[in-house]
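Please keep the model open in your viewer and follow the stops below in order, selecting each group of residues as it is named.

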Amino acid sequence: MRVSKRASGALAVGAAFALVASGCSSGNDDGGNASASKDGAIVIDGTQPENPLVPANTTETGGGKIIDWVWSGLVEYPNNGGAPRNLLAESIETSDSKVFKIKIKPNTKFHDGTTVKAESFVKAWNWAAYGPNGAQNASFFADIQGFNDTYTEDPDGPDGPKKAPEPAKKELSGLKVIDDWNFEVTLSAPTSVFPTKLGYSAFMPLPDAFFNMTPAEFGKKPIGNGPVSLVSWQDDVEIKLTRFDDYSLRDKMKIKDVTVKIYQDDTAAYNDLLAGNLDFQQQVPVSSLAGDKWKSDLGDRAIASTTPSTGIIAFPIYDKRFTNPKLRKAISLSINRQEITDRIFFGNRKPADSWANPLTPGAEPGNCTACKFDPTQAKQLLQEAGGFQGKLTLSYNADASHKEWMEAVAQQIKTNLGIDAVAVGVPTFAVFRANINAYKMTGAYRAGWQQDYPDVENWINPLYVTGGSSNDGKYSNPQVDALAKEASAAPSLEEAHKKFAEAVKLIDQDVPTMPIYFGGQQSGHSEKIKKIELTNVGELDITSVEL
């Protein structure tokens with residue numbers, strides 16, 4: 001999904017991670033004017049969050065960006081793509097990658113003035129892992145001892161008449177509060193990547209106030225512990241944030257107020273950017289890429305970056321029309337990814353050829369055989385699969401620049417396979433995601449992935465393991481599950497990555513989704529901003545902004 005901020009000071013467990021991505025900056029070396037920044041305000045673009053803002057129940061980038069700003073976690077990921085580093089954690093120690101002793105920095109505050117304590121994490125993680133609470137990110141706690149006792153699967157999905165069995169316990173046996181600043185985490189098996197995960201939003205702390213109201217009530221005006229607090233949220237219009245003056249961790253805000261303006265059309269946002277009514281747009285519209293028009297329009301305010309994200313089209317495998325892997329592979333092989341990136345994105349994206357973005361540690365380039373363009377084999381596989389009856393819809397959210405490339409994909413499928421394929425826009429991202437999460441998709445759909453933390457595990461477990469937090473198409477292969485479990489429990493990252501590579505070979509045979517392009521990002525800011533940095537996943541680091 002996301003994650004943010006610059007950092008200094010190594011992660012205590014000393015793991016050697018490296019992520020090759022760009023935390024870009026813009027502006028002069030001297031930065032901005034301190035007095036202008038102190039009480040300054042900016043307006044940036046955003047999308048309507050899918051759900052009320054509860055960290056463990058947010059899996060999409062619209063709400064995820066807000067959570068990244070409103071909360072601070074145990075670990076952070078540097079803007080330059082370097083190794084994860086401690087933030088709220090004073091230390092994370094382990095001798096066996098199974099039992100982790102975590103010490104947090106004392107006396108930091110939530111936005112309501114209460115103190116962040118060890119129990120703020122333990123209670124939050126227990127809430128997320130308890131199945132009846134319905135947290136979308138519950139599976140991120142599966143590593144912790146006792147998860148099988150707190151989380152049970154719904155046997156026939158959210159719309160079926162059956163309910164998930166009541167869990168045996170309400171709390172994870174692997175979590176233990178030692179005192180106000182120390183807690184202990186025991187995993188079911190050694191898991192070398194566990195400390196890397198701890199900067200992801202699912203692992204954020206929650207104040208006592210959360211447990212005295214409904215998640216929906218809390219999420220409309222959340223109480224975090226990050227550099228900004230949420231002031232107000234007007235659905236489909238704007239979210240207002242302001243500096244939290246009692247923030248005591250690194251990278252305090254240099255400006256005071258941030259308004260996230262929610263757009264239904266990225267061209268409108270771009271026009272506001274050019275007119276000086278918007279101070280930052282994370283991705284300029286595709287229409288501005290032709291001939292590098294966006295660079296001409298913005299000059300030195302244009303920022304090009306490479307991010308660990310992939311544009312994907314997914315299949316609703318719960319729809320019987322898409323259960324045959326030969327059909328899915330046929331459709332994937334009919335798509336000319338090079339043509340899409342050249343003609344639609346004017347070379348600003350790269351054709352995807354692997355299941356995990358190659359910027360990610362542990363990812364192997366070129367392991368997606370289903371990503372090749374081979375219309376002859378595609379036709380043969382379609383015939384072997386018994387063809388495809390009726391219209392093939394390819395849905396996308398219409399409030400960002402997806403129309404052009406999704407229509408191009410639909411036309412290629414139609415031309416190369418003779419399937420009646422058509423791209424269908426859904427007005428807003430929030431509605432689009434609500435349909436996906438309700439398992440109501442009747443055709444293929446856009447399902448891009450922006451990594452949550454720098455390890456290939458993040459491209460496998462959430463997306464392709466049975467019950468994964470973002471396995472929206474309900475793909476399931478017991479062999480993949482077993483290999484992923486072995487990989488997660490491997491004693492070293494090197495061994496874990498080898499096992500994940502074995503799992504990917506099976507995923508490649510099944511083609512549960514179709515990677516289309518690797519992300520390249522084109523952002524822009526107003527003349528008002530004198531200095532700016534992007535995070536390792538291309539989001540605005542609001543703590544870096546100087547005016």
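Select Lys474 and Tyr439 to begin, where the charged end of Lys474 sits over the ring of Tyr439, 4.3 Å from its centre; a charge is said to sit over a ring if NZ of Lys or CZ of Arg is within 6 Å of the ring centre and within 35 degrees of the ring normal. This is a predicted model, in which local features need pLDDT of at least 70 and side-chain atom pairs count only at pLDDT 80 or more, while totals for chains, interfaces and linings use all residues. Residues are numbered from 1 along each chain as its sequence is written, and side-chain values use heavy atoms, with hydrogens and water left out.

Next select Lys220 and Trp233, where the charged end of Lys220 sits over the ring of Trp233, 3.5 Å from its centre.

Move on to the aromatic rings. Rings of Phe, Tyr and Trp (its six-membered ring) pair if their centres lie within 6.5 Å, and planes under 30 degrees apart count as stacked, over 60 as edge-to-face and the rest as tilted; by this rule the count comes to 23 aromatic pairs. Select Phe141 and Phe203, whose ring centres are 4.9 Å apart and whose planes stand at 55 degrees, so the pair is tilted. This pair links distant parts of the chain, 62 residues apart, with Phe141 in the loop between helix H3 (118–129) and helix H4 (147–150), and Phe203 in the loop between helix H5 (194–197) and helix H6 (215–220). Helices here are DSSP runs (H or I, at least four residues), numbered from the N terminus.

Phe141 is buried, with a relative accessible area of 0%, and Phe203 is buried, also with a relative accessible area of 0%; buried means under 20% relative accessible area, exposed over 50%, and partly exposed in between (1.4 Å probe, protein chains only).

As the last stop, select helix H11 (residues 375–384), whose buried residues are Ala378, Leu381 and Leu382. Seen down the axis of H11, these buried residues fall within an arc of 105 degrees, so they line one face of the helix; the arc is that of the directions from the helix axis to the C-beta atoms. The buried residues of H11 pack against helix H9 (325–333) and helix H12 (403–417), where contact means heavy atoms within 4.5 Å. Turn to the face of H11 directed away from its buried side to find the exposed residues Thr376 and Gln383.

Conventions:
Helices (H or I, at least four residues) and strands (E, at least two) are DSSP runs, numbered from the N terminus.
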